[in-house]
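Trainee: Please go through this model with me and set each label against its definition, so that I can follow how each conclusion is reached.

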Amino acid sequence: MKIFTTAQIHELDKYTIEHEPIKSIDLMERAAKCLTQAIKEECAGHTPIVVFAGPGNNGGDALAVARMLADSNYQVSVYLFNIHNKLTDECALNKQRLIDSKRNVKFIEISLNFDPPELKSDTVVIDGLFGSGINKPLMGGFASLVKYINQSPAKVVSIDMPSGLMCEDNSFNIRSNIIRADLTLTLQQKKLAMLLPDCQQYIGRVRILDIRLSQEFIQITEAPYRLVEEQDLRPHLLRRDDFAHKGSMGNALLIAGSYGMAGAAVLATKACLRTGAGKVTTHIPKRNYSIMQISVPEAVLQMDREETSFSESVNTDDFDAVGIGPGLGQSENTAIAIIGQIRRTQCPIVIDADALNILANHQAWMQQLPKGIIMTPHPKEFDRMVGNTSNNSYERLTAALQLAERLQGYVILKGHYSALCMPDGKVVFNSTGNSGMATAGSGDVLTGIITGLLARGYDRPTACILGMYLHGLAGDLAVKDIGKESLVASDIIQYLPQAFRRLED
């Protein structure tokens, strides 16, 4: 699914109107029918409905919905805010249609003073104040109204976007002046803000309503962001030849696990094997030998000269991919060995965990990273790497994209919607995964999966996208049987075969 910018959403509407062709008011009527049906599915017929409509086209949608709900015998009260005596043409026409409908609707148009209605726990508020076109924080009376709605016990359903929330960058928004919706009925496709962690508190549950905007425009228009879906990945799956052997299925090297952190090496290695790599070698300190030999008998073990840590770079000429970082620790000897390893490795590299923390502590080494490198930081690891002190997810995403472009590499910013930032300036969000995966070792599993896919023969962007998706899908399948609270990282590995079968079937 493409994620368009605010400007592109406006162009999509315009293109649909011109090329379908369809009048703007008729397109609004079509959208209102979809919105009304969704609201009726959520709200019983006896539910009191309070509609707050703004002066723009979002308000026009809300007025049309109010009329249609009244036609279905809902108890509807409508408050149209026309402070500057200036409605869009479509909003004005839907206002007149509502008045002319002669339905039993309480309609009040506010031009100056506003006496807010009592919003009870059984009331549903339809938020149609401002949609996706807003580009500055709400102020004054609208800000006061938003706070009043948020403080009420009523359920809030927002049309397209919660009022006050901008589609992309909310870095300088006033957070208290944004509607906190229980349900957002967004039109045609998700907006970028809906994928960012710090915006989740405003959007509630999201339903995407297909209002039949131009598929031609959607197909021919490049979007800076994309949400990967199952059908996007199936054509890219590599099929295992009937005459395949382990030598033709890829040879992966994992450098992981200091003494006391052998579990990270176990998890990454098992995940790498489960992803289809023909042979996996794991470089470990001597004291982890017995643990690895017993836990992952399928792996080839390569011993470091040190008892407890990674201390020397190794030859990677015979390997197709290298994953480095899980559980390595951050001693200075290990740090020197890591940068030495990165310098001498010619095949694709995945860097995670302590390898990222070491780079954060040796900023000059960032300039020595090879093109095409793959980095998989969680937000705190990323902030340490780039010196970002902001908790704003849009700024973090922008910084990750800048890093990918500067290094000509790939940065997977991990989260509920993990974001792959690519060197060409595009971002691909993952659509699988759940909060049960917020558990120690989950990132080690992802490192193993991506390293295995690279060894298997996938190119870097495909390995990253498929790796994110499989990782999340395995977690989703596990949750169905185990539940979120009890999920552990090894469960994700256990359900990888089912995730592969799901894609293959």
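Mentor: Let us begin with the second largest pocket, where helix H9 (262–274), helix H12 (354–361), helix H15 (442–456) and helix H16 (460–482) each give at least two residues to the lining. The model is a predicted one, in which local features need pLDDT of at least 70 and side-chain atom pairs count only at pLDDT 80 or more, while totals for chains, interfaces and linings use all residues. Residues are numbered from 1 along each chain as its sequence is written, and side-chain values use heavy atoms, with hydrogens and water left out.

Trainee: What makes a run of residues a helix or a strand?

Mentor: Both are DSSP runs numbered from the N terminus, a helix being H or I over at least four residues and a strand being E over at least two. By that rule the protein chain has 18 helices and 18 strands.

Trainee: What makes a set of points a pocket, and which residues count as lining?

Mentor: On a 1 Å grid over the protein atoms alone, a pocket is an open set of points with protein on both sides within 12 Å along at least five of seven lines, and a lining residue has an atom within 4 Å of a point. The second largest pocket has 33 lining residues, and Lys414, Met437, Thr439, Ser442 and Gly443 are the nearest to its centre. H15 provides the largest share of that lining, 4 residues.

Trainee: Why does Gln8 count as buried?

Mentor: Buried means under 20% relative accessible area, exposed means over 50%, and partly exposed lies in between (1.4 Å probe, protein chains only). Gln8 has 16% relative accessibility, and therefore counts as buried. Gln8 sits in helix H1 (residues 6–19), and its side chain comes to 2.9 Å from the backbone oxygen of Glu222. Leaving out residues up to four places away in sequence, Gln8 is in contact (heavy atoms within 4.5 Å) with Phe217, Thr221, Glu222, Ala223 and Pro224.

Trainee: Why does Lys102 count as exposed, and why does Gln188 count as buried?

Mentor: Lys102 is exposed because its relative accessibility is 72%, while Gln188, at 11%, counts as buried. Lys102 has a positive phi of about 60° although it is not a glycine, and it lies in the loop between helix H4 (89–100) and strand E4 (105–110). Gln188 has a positive phi near 75° and belongs to the loop between strand E7 (183–187) and helix H6 (200–203).

Trainee: How do you know that H12 is mostly covered?

Mentor: In H12, 7 of the 8 residues are buried, namely Asp354, Ala355, Leu356, Asn357, Ile358, Leu359 and Ala360. Their cover includes strand E13 (321–324), helix H11 (332–344), strand E14 (349–351), strand E15 (374–375) and helix H13 (379–386).

Trainee: What makes a set of residues a nonpolar core?

Mentor: Such a core joins buried Ala, Val, Leu, Ile, Met, Phe, Trp, Tyr and Cys residues through side-chain atoms within 4.5 Å. The largest has 58 residues, with Ile351, Leu369, Met375, Leu397 and Phe429 having the most contacts inside it. Helix H14 (residues 393–407) gives the most to this core, 8 residues. A second, separate core has 49 residues, including Ile412, Ala463, Met468 and Val479.

Note on methods
A polar contact is a pair of N or O atoms within 3.5 Å; within protein, one must be able to donate a hydrogen and the other to accept it, and residues adjacent in sequence count only if both atoms are side-chain atoms. On a 1 Å grid over the protein atoms alone, a cavity is a set of points where a 1.4 Å probe fits but cannot get out, and a pocket is an open set with protein on both sides within 12 Å along at least five of seven lines; lining residues have an atom within 4 Å of a point.
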